Amino acid sequence: MDMSPPPAPPRIFSDEAELRARLSRHKTLATGLLAGMAGVTLGSYALPPGYWTDLLQASAKAGLVGGLADWFAVTALFRRPLGLPIPHTAIIPTQKARLGQGLGRFVANHVLTEAEVRRVSGRIDAPALLRRFLSDPERVRPAAEAIAASLPRILRSLEDGRARRLLLRLLPRMVSGPAAARLTARALRLLVQGGRHQEVFGLALTHIKTLVASKQDSLKTAVAERVRAEGGALVGWVAGAAVARRVLAALNAELEKMEPGDSDLRAAFDAWLEAEIDRLENDPARAEAIGAALRGALAHPAVAAWLMDAWGRLRGALEADAARPEGRTVALIAGTLSNLGDLLEADPAARARVDGFIETTLLAVLPAAQGRISGFIAEVVAGWDTATVVDKIELRVGRDLQYVRINGTVVGALAGGTIFALLHAIFGRVAF
């Protein structure tokens with residue numbers, strides 16, 4: 001049986017702790033290389049004079065100078081070298097506000113450009129993201145509840161006097177223009193295609209027959225009086241009652257014949273409805289006549305009062321229902337959102353319209369957004385704590401800057417040795 005202790009869990013560093021450890025290692029390496037060049041420079045003076053000693057000394061001196069210069073440059077970005085008040089040092093702490101303004105302008109003018117917005121909006125595929133969101137019931141339901149919760153505030157805003165007056169002016173125009181006539185014709189055509197118009201017609205006939213049956217005596221009296229008025233008292237006394245009975249019998253017989261599907265009156269109703277739909281769609285005069293009738297009706301004070309009363313009752317019912325998470329309003333909104341997701345799934349034209357709308361909206365707000373984002377970035381950077389900003393930036397880029405120091409030391413040494421060799425080859429002994 002294995003009695004060895006379990007392996008120790010791996011040491012886990014936070015992101016910042018790991019960055020700080022790496023920066024410390026690279027600083028140590030760069031500083032060690034610089035100190036090594038200083039040691040070689042001093043040690044070269046203890047060697048016997050000669051070409052190779054001079055070459056080593058020239059290389060070490062150049063590496064030391066290159067390393068010191070790069071150390072100064074890297075240090076001057078974050079703080080004053082050796083704490084000395086040297087001009088143009090501690091660049092990031094002293095120029096933090098200017099750096100924030102420059103960063104803001106760069107983002108606004110080179111990142112948030114029209115070309116970039118078009119490119120990014122084309123790659124994001126917003127309709128697909130919206131479709132995935134709308135196809136998830138767990139996401140759609142909270143969205144529907146949020147929309148329903150805001151519905152009472154929207155409805156109350158419509159109660160504002162100006163909004164109400166505007167609606168009363170716009171409503172007659174909306175329901176009586178050419179578009180309204182076309183919409184009415186389309187609704188009637190869908191009603192005819194589904195056969196629902198005959199159900200409406202049948203309901204009307206049923207009410208007519210019920211009314212005629214309940215008014216038999218009154219109708220007989222009215223017909224008899226009409227016969228007497230037209231034919232005189234004698235004719236009315238002789239034939240009035242008989243004519244009334246025959247008229248009512250014929251009326252009842254015709255009403256009974258209207259029930260079957262092949263009724264001539266039903267066929268005539270079909271023909272009349274089709275003709276009326278065609279006139280609404282193609283005859284501007286007919287559409288204008290319908291619109292004038294609607295405008296006249298809506299302009300009547302009694303109709304306006306009735307509409308406001310109906311609106312008040314409807315608004316109250318909507319507000320009460322919208323407050324319930326299980327109400328019909330939430331279910332209706334959720335179903336509408338889901339249907340919108342299905343539409344985006346099946347209709348490429350709808351997806352293209354959504355893409356176009358998003359891109360157009362982004363481009364419309366882009367000029368204002370550029371200025372606001374630029375100012376926002378500058379304000380945020382200016383508000384940062386200076387020591388924290390310097391520390392964060394140094395942690396992220398300090399490792400690469402230590403390579404600048406290392407490269408400066410190594411390249412300086414190689415360049416110094418190369419230059420010494422070339423000059424010695426050309427001029428002989430060279431003081432370096």
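Let's start with W52: in this predicted model, its relative accessibility is 65%, so W52 counts as exposed, the cut-off being over 50%. Its partner is Y51, and the two rings sit edge-to-face, with 5.2 Å from centre to centre and 80 degrees between the planes. Y51 comes out as partly exposed, at 32% relative accessibility.

Now, which ring has its centre 6.0 Å from that of Y51? That is F420, and because the planes are at 40 degrees, this pair is called tilted. It joins distant parts of the chain, as Y51 belongs to helix α2 and F420 to helix α18, 369 residues apart. F420 counts as buried, with 1% relative accessibility. Together, Y51, W52 and F420 make one aromatic cluster, and 2 aromatic pairs are found in the whole structure.

Helix α18 turns up again at the second largest pocket, where α18 and α4 each give at least two residues to the lining. This pocket holds about 210 Å³ of space. Its lining includes K96, L99, W384 and K392, and the lining residues split into 7 nonpolar, 2 polar and 2 charged.

Last stop, helix α16, residues 328–346. Its 19 residues should span 27 Å at 1.5 Å a residue, and the end C-alpha atoms are 26 Å apart, which agrees. Are T329, V330, I333, A334, L337, G341 and L344 buried or exposed? They are buried. They cover an arc of only 135 degrees around the axis, so they lie on the same side of α16. Why does that work? An α-helix has 3.6 residues a turn, so residues three or four places apart point the same way. On the face turned away from the buried side, you'll find exposed residues R328, L332, N339, D342 and A346.

Terms used. Residues are numbered from 1 along each chain as its sequence is written. This is a predicted model: local features need pLDDT of at least 70, side-chain atom pairs count only at pLDDT 80 or more; totals for chains, interfaces and linings use all residues. Side-chain values use heavy atoms; hydrogens and water are left out. On a 1 Å grid over the protein atoms alone, a cavity is a set of points where a 1.4 Å probe fits but cannot get out, and a pocket is an open set with protein on both sides within 12 Å along at least five of seven lines; lining residues have an atom within 4 Å of a point. Grid points are joined across faces, edges and corners, and a volume is the space filled by probe spheres set on the points. Helices (H or I, at least four residues) and strands (E, at least two) are DSSP runs, numbered from the N terminus. Ala, Val, Leu, Ile, Met, Phe, Trp, Tyr, Cys and Pro count as nonpolar, Asp, Glu, Lys and Arg as charged, and the others, Gly among them, as polar. The expected span of a helix is 1.5 Å times one less than its number of residues. Buried means under 20% relative accessible area, exposed over 50%, partly exposed in between (1.4 Å probe, protein chains only). The arc is that of the directions from the helix axis to the C-beta atoms. Rings of Phe, Tyr and Trp (its six-membered ring) pair if their centres lie within 6.5 Å; planes under 30 degrees apart count as stacked, over 60 as edge-to-face and the rest as tilted.
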